[in-house]
Amino acid sequence: MKKLLCLVTLMACSDPSEQQPVDAPSGDDSQIVTDGPTDRPVTVTVMDEGVGVAGVSVYFQQPDHTVFTKVVTNASGVAATVVAGGGAVTVVDPFANNTLAGAPSHSLRTYLGVQPGDELLVVGDDDGENATVTVTIPAIKDFAFANLESSCGGTTLEALTGTQVELYGCDGMADLVVVAYDELSNPLGYLYKANVAITDQGTVNLGSETYTAVPNASFSYASIPAAFGNVFGTNTLVSPRGTIFATTSGSSLTAGAASVTKRRPLVTSTTSVQQLGFDSASPTMSAHTVFHWQPAAAAHAFDGTGKFLPDFTAAPSYTAATRQVSWTSSGGVPPDLTFVSIDAVRNSAETMFWQWKLIAPYTATTLTLPALPTEIAQYVPLATDSVELVELGAAKLPGGYAAARPLYFANLDGPPITGTSGTISLVSYSEPNTVRTTGPTKVKAAIKAKAPRARR
């Protein structure tokens, strides 16, 4: 969640006049092509382990896909060129390739419907530096143990002093919550400390802090569709640095409504985020997930009116002749975008495995894969390939597709929450669908043992 908040803040709140210009990648393919002074390039930045990845091939296609520009990322992981509104961008093998069962493994990320000025992020691992700190917490009557949670990790503390805790990606600072419990796991009190300095092999001394009684928090749900019989979810408190506390709950629904009470720290300077899932009494092809956020308070209320997307009504399919992923759905409110992830194996000889992830403006029944440039056209699945749709879904969020596009492949730690309150709705086809039943099995077995480093 920390990376997510930093990215959202950077992209939504920065003043363009304060941003530094982005250097075009060097080489013949790296020039930013412009048609006039008002043209704004589409920029792709590829990062892994917190640094730019050089040498990644990025293909920028004009809307009809017949004209393209290949740009290789520079030392900062940046590639850029001008693309007309509605064009496509495909990033090939942004991270280290894998070999599965002796077959080369590749990965692609494609954005459809890009717009001039887009700043697209493709991010792999970005956990930052690890830090081991020695923690001291205040005493409290009947203390048995405490849970330390922070914006960069946490653990259980069984002693008041001397516990070594390993944190991840603090970048020198963290926000901390400590909840103390008795031997029956009843919460005794909590403390919150923001902006705590974190240094490797350093100390975090909270011994002079004061505990506050852990209050009750209520979570209410209304206007949930009749098809659902239960609601379950995770509530997180999110500080400006990231997630600092999480708790889970669930309840049966009566006439589309429910209410749950949980004891939970109340840190009023944070945002309360509810990630909700729903159970249906009858078999369904759709998995609905809703993220709802508001300022942290004693009560968190969610009203489902207009928040649920169409249900899938038939298994999706892929047709090689038209390059189309097709599905049927009904009901719900119109989504903003569609996302697809395809695993493919080249013919019965198992000569190549690849994963292709795409994000596109929503259309009601189909997503057409772009006609890729000749030198990467081998990644368009053929009728003779074994093709599996491992993910198909749709989403609706504040800001629409324009807000999701830059961050979709950024490997975020949570939903892109913006503003004081809001909702993100998702629906996914509930089970992976093997489009072709004939085909190789050796590579698929290897995938289960070692999945490729393709991340969303």
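Me: Is Cys170 buried or exposed?
Reply: Cys170 is buried: its relative accessible area is 5%, and the cut-off for buried is under 20%. Keep in mind that this is a predicted model.

Me: And Cys152, buried or exposed?
Reply: Cys152 counts as buried too, at 6% relative accessibility.

Me: What do Cys152 and Cys170 form?
Reply: They form a disulfide, with their sulfur atoms 1.9 Å apart. A disulfide is a covalent bond between the sulfur atoms of two cysteines.

Me: How many disulfides does a search of the whole structure find?
Reply: One.

Me: Which parts does the pair tie together?
Reply: Cys152 sits in the loop between strands E11 (145-150) and E12 (153-157), and Cys170 in the loop between strands E13 (163-168) and E14 (173-181), so the link ties together parts that are 18 residues apart in sequence.

Me: Which hand does the link have?
Reply: The link of Cys152 and Cys170 is right-handed, with 85° about the S-S bond.

Me: New topic, sheets. What is the strand order in the open sheet of three strands?
Reply: The order is E20-E17-E23, and the pairing is mixed.

Me: Which strands stand at the edges?
Reply: Strand E20 (258-263) and strand E23 (299-303) do. Each has a single partner strand, so one side of each is left without a neighbour in the sheet. From one strand to the next, the twist averages 15°.

Me: How many bridges join E17 to E20?
Reply: Six, and the two strands run antiparallel. Strand E17 covers residues 216-222. Across this pairing, Tyr221 stands opposite Ala258 in E20.

Me: What do E24 and E25 form?
Reply: A hairpin, with four residues between the strands. In the turn, Arg323 has a positive phi of about 60°. Strands E24 (residues 311-319) and E25 (residues 324-330) pair in the antiparallel sense over six bridges. For instance, Asp311 has Ser330 in E25 as its bridge partner.

Me: Now the inside. How many residues are in the largest nonpolar core?
Reply: It has 33, and Val44, Phe60 and Val89 have the most contacts inside it. Strand E1 (residues 42-48) gives the largest share of this core, three residues.

Me: What does Phe60 touch?
Reply: Leaving out residues up to four places away in sequence, its contacts include Val42, Val44, Phe68, Val71, Ala80 and Val89.

Me: What's in the second core?
Reply: That separate core has 30 residues, among them Val325, Trp356, Val380 and Leu392.

Technical notes. Residues numbered from 1 in each chain as written. Predicted model: local features only at pLDDT ≥ 70, side-chain atom pairs only at ≥ 80, totals over all residues. Heavy atoms only, no water. Disulfide = S-S within 2.5 Å. Buried < 20%, exposed > 50% of the residue type's maximum accessible area, 1.4 Å probe, protein only. Pairing = 2+ DSSP bridges. Axes fitted to C-alpha atoms, helices over the stretch in contact; angles between N-to-C directions. Core = buried A, V, L, I, M, F, W, Y, C linked by side-chain atoms within 4.5 Å. Contact = heavy atoms within 4.5 Å.
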